Amino acid sequence: MMCNKSFTQKSYLKRHMFIHTGGKPHVCEICSKSFRKKSILNVHMCNHTEERPYVCQLCNKSFKQKSGLIMHMHLETGEKSLVCEVCNKSFREKGHLNMHMLIHTGEKPHMCEICNKSFRQKGDLNKHILVHTGDKPHVCNVCNRSFGLKNYLKRHMLIHTEEKSHVCMVCMKSFRNKGDLRRHLLIHTGEKPHVCEICNKSYGRKSGLLTHMHIHTEEKSLVL
């Protein structure tokens with residue numbers, strides 16, 4: 001005996017022993033890859049046969065593995081079964097929950113090797129690297145202007161297409177960018193989210209607050 005674990009049936013013990021011996025008696029006849037369990041071999045065989053035995057009853061989409069169907073069903077039903085223990089926000093996929101948890105832990109595992117700045121997501125690190133390399137791989141096919149990020153190119157293309165897909169539902173004025181629409185809506189709501197910490201005067205735009213702050217900095221220079 002290797003671990004003294006006990007089993008009610010001899011077949012269970014036999015299957016367990018493969019963990020210690022490394023035995024993989026179930027061999028794929030097509031690629032000769034071996035597996036400990038026949039059930040795993042059966043799942044593997046779907047890669048060769050293109051068989052998709054797991055079918056969604058809502059949309060008839062089929063999957064090779066049961067796990068694929070389960071993940072798909074979360075999307076179909078809107079179910080979010082994975083819950084953050086800190087803030088109770090729920091997620092459909094474990095990867096999304098793991099990424100969310102970094103907000104609470106403050107962990108930033110992806111570090112730039114050039115300046116040691118760290119990021120929560122690898123995608124953010126990749127974007128940051130462009131600052132050092134100066135690489136701008138995304139090129140406008142109209143004016144040949146290049147951009148470091150694809151979304152910058154996408155936003156630039158609106159200049160050429162004149163597309164204004166973001167529409168104000170109050171006055172029906174349209175904008176190229178969602179940010180421009182958001183700033184425009186402040187006119188209708190009267191909201192002034194940018195507040196001066198010195199005199200509490202508020203402004204609809206950050207630029208207005210920055211201009212206002214010059215008043216206080218000039219006052220300080222006069223006192224000095």
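In which helix does H128 lie? In this predicted model, H128 belongs to helix α5, which covers residues 122-133.

**Chain overview**
- Of the 224 residues in the protein chain, 17% are buried.
- The accessible surface of the chain amounts to about 17300 Å², with carbon and sulfur atoms contributing 52% of that area.
- When contacts between residues at least 6 apart in sequence are considered, 0% of them join residues at least 24 apart.

**Annotated spans**
- An unreviewed UniProt entry lists "domain: C2H2-type" for several spans, including residues 1-25, 110-137, 166-193 and 194-221.
- Residues 110-137 are 43% helix and 14% strand, and the C-alpha atoms at the ends of this span are 22 Å apart.

- H128 has a relative accessible area of 12%; because the cut-off for a buried residue is under 20%, H128 is classed as buried.
- The side chains of H128 and H132 are joined by a polar contact of 3.1 Å.
- Apart from its neighbours within four places in sequence, H128 is in contact with C112, C115, K117 and F119.

Terms used:
Residues numbered from 1 in each chain as written. Predicted model: local features only at pLDDT ≥ 70, side-chain atom pairs only at ≥ 80, totals over all residues. Heavy atoms only, no water. UniProt positions renumbered as here; feature names shortened; annotations may be inferred. Helix = DSSP H or I, 4+ residues; strand = E, 2+ residues; numbered from the N terminus. Buried < 20%, exposed > 50% of the residue type's maximum accessible area, 1.4 Å probe, protein only. Polar contact = N/O pair within 3.5 Å; in protein donor to acceptor, adjacent residues only side chain to side chain. Contact = heavy atoms within 4.5 Å. Areas by Shrake-Rupley, 256 points an atom, 1.4 Å probe, with all protein chains shown as cover.
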